[in-house]
Amino acid sequence: MACTFGSPIAPTPYATPSYPSAYPSPAAYPSQAYPAAPKYAAQPKYEESYPDAPAKYNFAYEVSDAHTGDYKSQSEDRDGDYVKGQYSLVEPDGTKRIVDYSDDGYGFVAVVQKEGTPSYSQPKSAYPAPSAAYPSAAYPSPAYPSAAPSYSAPAYKPAPSYKPAYKPAPSYAPAPSYAPAPSYAPAPSYAPAPSYAPAPSYAPAPSYAPAPSYSPAPSYAPAPYKPAY
């Protein structure tokens, strides 16, 4: 039985199927109209003004804290360039420092005073000492042997003595002797270069008269044409 094979059969082309869309296109929705944004009047600009006037103020404060031991105060008055004030504080040694200061526009002046006697004792705490909330437990005292143990010092062997053996210093051959540097004859002296006569000067090139100008050639009328019969 014989079989004959031909060329392969080309596949049949199919068109891409189209399916209906379940959602309408954006063009199918009506555009929503929004009201225009309101227009507001421009807000006025406010600028802070600082009058050029001399400074004038006064203040005072006082701190009295028994728990921390912080005692201090200060008062000050100013009118223009004139300043006057006082501050005081209780220092750690128990003394009180008082400073009177002033400035009349020509320099700061301070007068320091000390009141009281320094005391370096431990300051008393403002809080009561805590009381023992728990009774101390009674434990039996431990029993230790009355006689201390005796130890004998260990016997060590004496350290061995070493005698280092040094080799004798090596002997080097004497430094070689070199022949003296050779002496050369002085450089020869040459005769000076010869002097040559200056280059000759030539007369300037002659000047010629300009070429004459000629009138243009005359223009003639064309010859009349006579036909031949």
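Contact, in this talk, means heavy atoms within 4.5 Å.

First, what we are looking at. This is a predicted model, where local features need pLDDT of at least 70 and side-chain atom pairs count only at pLDDT 80 or more, while totals for chains, interfaces and linings use all residues. Residues are numbered from 1 along each chain as its sequence is written, and side-chain values use heavy atoms, with hydrogens and water left out.

Now the sheet. It is open, has 5 strands in the order β1-β2-β3-β4-β5, and its pairing is antiparallel. The strands β1 and β5 are at the edges with a single partner strand each, so one side of each has no neighbour in the sheet. From one strand to the next, the twist averages 10°. On terms: strands are DSSP runs of E with at least two residues, numbered from the N terminus, and two of them pair if DSSP finds at least two bridges between them.

Strand β1 covers residues 56–65, and the count of buried residues among its 10 residues is 0. Buried here is under 20% relative accessible area, exposed is over 50%, and partly exposed is in between, with a 1.4 Å probe and protein chains only.

Next, β2 and β3. These are antiparallel too, over 8 bridges. Aspartate 79 has tyrosine 82 in β3 as its bridge partner. This hairpin has 2 residues between the strands, and glycine 80 in its turn has a positive phi of about 75°.

Now the aromatic rings. How many aromatic pairs does a search of the whole structure find? It finds 3. In one of them, the rings of tyrosine 57 and phenylalanine 59 have centres 6.4 Å apart and planes at 20°, so this pair is stacked. The rule is that rings of Phe, Tyr and Trp (its six-membered ring) pair if their centres lie within 6.5 Å; planes under 30 degrees apart count as stacked, over 60 as edge-to-face and the rest as tilted. Tyrosine 57 is partly exposed at 33% relative accessibility, and phenylalanine 59 is partly exposed at 35%.

Tyrosine 87 and tyrosine 101 form a tilted pair, 6.4 Å centre to centre with 45° between the planes. This pair links distant parts of the chain, 14 residues apart: tyrosine 87 is in β3, residues 82–90, and tyrosine 101 is in β4, residues 96–103. Tyrosine 87 is partly exposed at 31%, whereas tyrosine 101 is buried at 8%. Tyr87 and Tyr101 form one aromatic cluster with Phe108.

Last, proline 118. Where is it placed? Proline 118 is in the segment after β5, which covers 108–115. Its relative accessible area is 41%, so it counts as partly exposed. Leaving aside neighbours within four places in sequence, proline 118 is in contact with Asp93 and Thr95. Glutamate 91 is 27 residues from proline 118 in sequence, with 9.1 Å between the two from C-alpha to C-alpha.

Notes
Helices (H or I, at least four residues) and strands (E, at least two) are DSSP runs, numbered from the N terminus. Axes are lines fitted to C-alpha atoms, for helices over the stretch in contact, and angles run from 0 to 180 degrees between N-to-C directions.
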